[in-house]
Amino acid sequence: MRRSQFLAAFFLLAFGALTPPMTATAQLRPDYYAGVCPNLEGIVRDAVRQSVAHSPLAAPATLRLFFHDCAVRGCDASVMLINPDGDDEWRSLDGMTLKPEGFNTVMGAKAAVDSDPRCRNRVSCADILALAARDAVFLSGGPDYQVELGRYDGRASTGGSVMIPHGTFDLDQLNAFFSGLGLSQTDMIALSGGHTIGAASCGFFGYRMGADAGMDPAFAEQLRGRCPGGAAGFAFLDAATPLRFDNEYYRNLRAGKGLLGSDQVLYADPRSRGAVDRYADDEGAFFADFAAAMARLGRVGVRTAADGEIRRDCRFPN
Ligand code: HEM
């Protein structure tokens with residue numbers, strides 16, 4: 001071995017020895033359950049397929065549930081916990097619009113997983129939620145990406161810890177929120193493409209109709225018809241293809257047909273417009289960036305055996 005090679009090898013070894021202890025995310029890997037629950041992915045996908053066949057609300061509700069879980073206390077299924085005193089994430093102001101169909105989809109998948117004796121109580125609710133969100137995307141026509149697994153479930157949930165972005169946010173506020181999760185502006189724009197499925201209540205966009213210069217007038221008119229008498233109705237986040245996971249969301253933004261202010265601002269602000277144009281023109285680029293951003297979202301605040309557990313019932317700590 002030449003001296004330079006020796007030095008290179010030495011530094012590599014020394015660096016390896018000095019790297020900090022395994023971080024929480026280091027435990028995540030796609031085949032985490034291969035030994036204990038080899039058919040996990042098939043079981044969850046079949047269960048999600050049943051939920052989606054049962055209700056068109058299931059896929060969007062499940063995807064949004066995953067985002068809310070990861071954005072608050074990390075991806076630890078804390079969003080599913082029910083506290084006897086009523087102080088928990090899902091009953092907070094920002095949590096109570098999460099639809100029951102999302103929770104039911106995960107509960108159904110958990111029951112299916114536990115019906116296999118090998119898997120029973122060995123797969124975390126946080127991982128089942130991460131898989132169910134991917135399957136909701138895939139079964140709606142979106143990408144079939146790999147999901148990293150190995151999260152443990154949290155034991156705590158309080159309404160006060162819920163901080164999620166609002167539809168009134170501008171680009172700087174959106175970026176500040178997502179950078180707090182370790183995500184980039186590109187991640188944020190790709191993840192916002194989750195709004196290619198599902199709906200929002202009039203209370204979230206009613207203030208924009210007619211008042212927002214960026215909104216297409218015919219679209220504003222259409223929305224006024226969706227919200228007769230104020231906040232009672234709803235509109236689809238992607239009016240073109242509301243149940244299909246595709247890149248129409250970005251095409252809508254270009255046409256001034258973004259439903260939420262936080263959607264339309266991605267095109268209105270020149271700093272993010274380029275990415276919107278790219279995804280509007282190239283669905284493959286959107287799918288690839290969405291999958292990568294979901295993986296990064298799925299690494300937020302991951303718990304280990306030291307500070308988490310495998311919940312027997314996703315609604316209650318063990
Ligand atoms: C960028 C910041 C975001 C804001 C301001 C935002 C805001 C909202 C709002 C106000 C609604 C309507 C809720 C209702 O009427 O009940 C909604 C729905 C939804 N959001 Fe987001 N969201 C954001 C990011 C995300 C992300 C990252 C995802 C997932 C990748 C996501 C997925 C969804 C889905 C699928 C729905 C439809 C839910 C349903 O139909 O049940 N959102 N969002």
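Select Asp-281 and show what surrounds it. Beyond its neighbours within four places in sequence, Asp-281 is in contact with Asn-247 and Arg-254. This is a predicted model, so treat each stop as a feature of the prediction. Asp-281 lies in helix H11. Its relative accessible area is 55%. Because exposed means over 50%, Asp-281 counts as exposed. Asp-281 and Ala-200 are 81 residues apart along the chain, and their C-alpha atoms are separated by 25 Å.

**Next: helix H12**

Step on to Asp-282, at the start of H12. Find the backbone nitrogen of Gly-284: a side-chain oxygen of Asp-282 comes within 3.1 Å of it. Then select residues 283–297, the whole of helix H12. The helix has 15 residues. From first C-alpha to last, H12 reaches 20 Å, close to the 21 Å expected at 1.5 Å a residue.

Which residues of H12 are buried? Colour Ala-285, Phe-286, Phe-287, Phe-290, Ala-291, Ala-293, Met-294 and Leu-297. Show the helices around them. These buried residues pack against H3 (58–71), H5 (125–139), H7, H9 (248–254) and H11 (270–281).

**Past the end of H12**

Go to Glu-309, in the segment that follows H12. Is Glu-309 buried or exposed? It is buried, with a relative accessible area of 11%. Show side chains here. Glu-309 and Arg-155 are joined through their side chains by a polar contact of 3.1 Å. Setting aside neighbours within four places in sequence, Glu-309 is in contact with Tyr-152, Asp-153, Arg-155, Pro-317 and Asn-318.

**The ligand and its iron**

Which protein residue donates to the iron? The single donor from the protein is His-195, through NE2, 2.1 Å away. One of its N or O atoms is 2.9 Å from a nitrogen atom of the ligand.

Now widen the selection to the 25 residues around the ligand. Lys-99, His-195, Ala-199, Ala-200 and Ser-201 come nearest. Two of these are worth a distance label:

- Lys-99: a polar side-chain atom lies 2.8 Å from an oxygen atom of the ligand.
- Ala-199: a polar backbone atom is 2.9 Å from an oxygen atom of the ligand.

Select His-68. UniProt lists it under "active site", in an unreviewed entry. His-68 lies in helix H3. At a relative accessible area of 4%, His-68 is buried. Not counting residues up to four places away in sequence, His-68 touches Val-79, Asp-94, Leu-98 and Ile-164.

Pro-165 sits in the loop between H5 and helix H6 (171–180). Its relative accessible area is 17%. Because the cut-off for buried is under 20%, Pro-165 counts as buried. Show its contacts. Again leaving out residues up to four places away in sequence, Pro-165 touches Phe-67, Leu-174, Phe-177 and Phe-178.

Select Arg-73 and Ala-77. Arg-73 lies in the loop between H3 and helix H4 (100–114), and Ala-77 is placed in the loop between H3 and H4 too. Check the backbone angles here. Most residues other than glycine have a negative phi. Arg-73 has a positive phi, near 65°. Ala-77 has a positive phi as well, near 60°.

Ala-77 is buried, with a relative accessible area of 0%.

Notes. Residues are numbered from 1 along each chain as its sequence is written. This is a predicted model: local features need pLDDT of at least 70, side-chain atom pairs count only at pLDDT 80 or more; totals for chains, interfaces and linings use all residues. Side-chain values use heavy atoms; hydrogens and water are left out. Donors are N, O and S atoms within 2.8 Å of the metal (3.2 Å for Na, K and Ca); water is not among the atoms, so sites may look incomplete. Helices (H or I, at least four residues) and strands (E, at least two) are DSSP runs, numbered from the N terminus. The expected span of a helix is 1.5 Å times one less than its number of residues. Buried means under 20% relative accessible area, exposed over 50%, partly exposed in between (1.4 Å probe, protein chains only). Contact means heavy atoms within 4.5 Å. A polar contact is a pair of N or O atoms within 3.5 Å; within protein, one must be able to donate a hydrogen and the other to accept it, and residues adjacent in sequence count only if both atoms are side-chain atoms. A residue is near a molecule or strand if one of its heavy atoms lies within 4 Å of it. UniProt positions are given in the numbering used here, feature names are shortened, and annotations may be inferred rather than shown by experiment.
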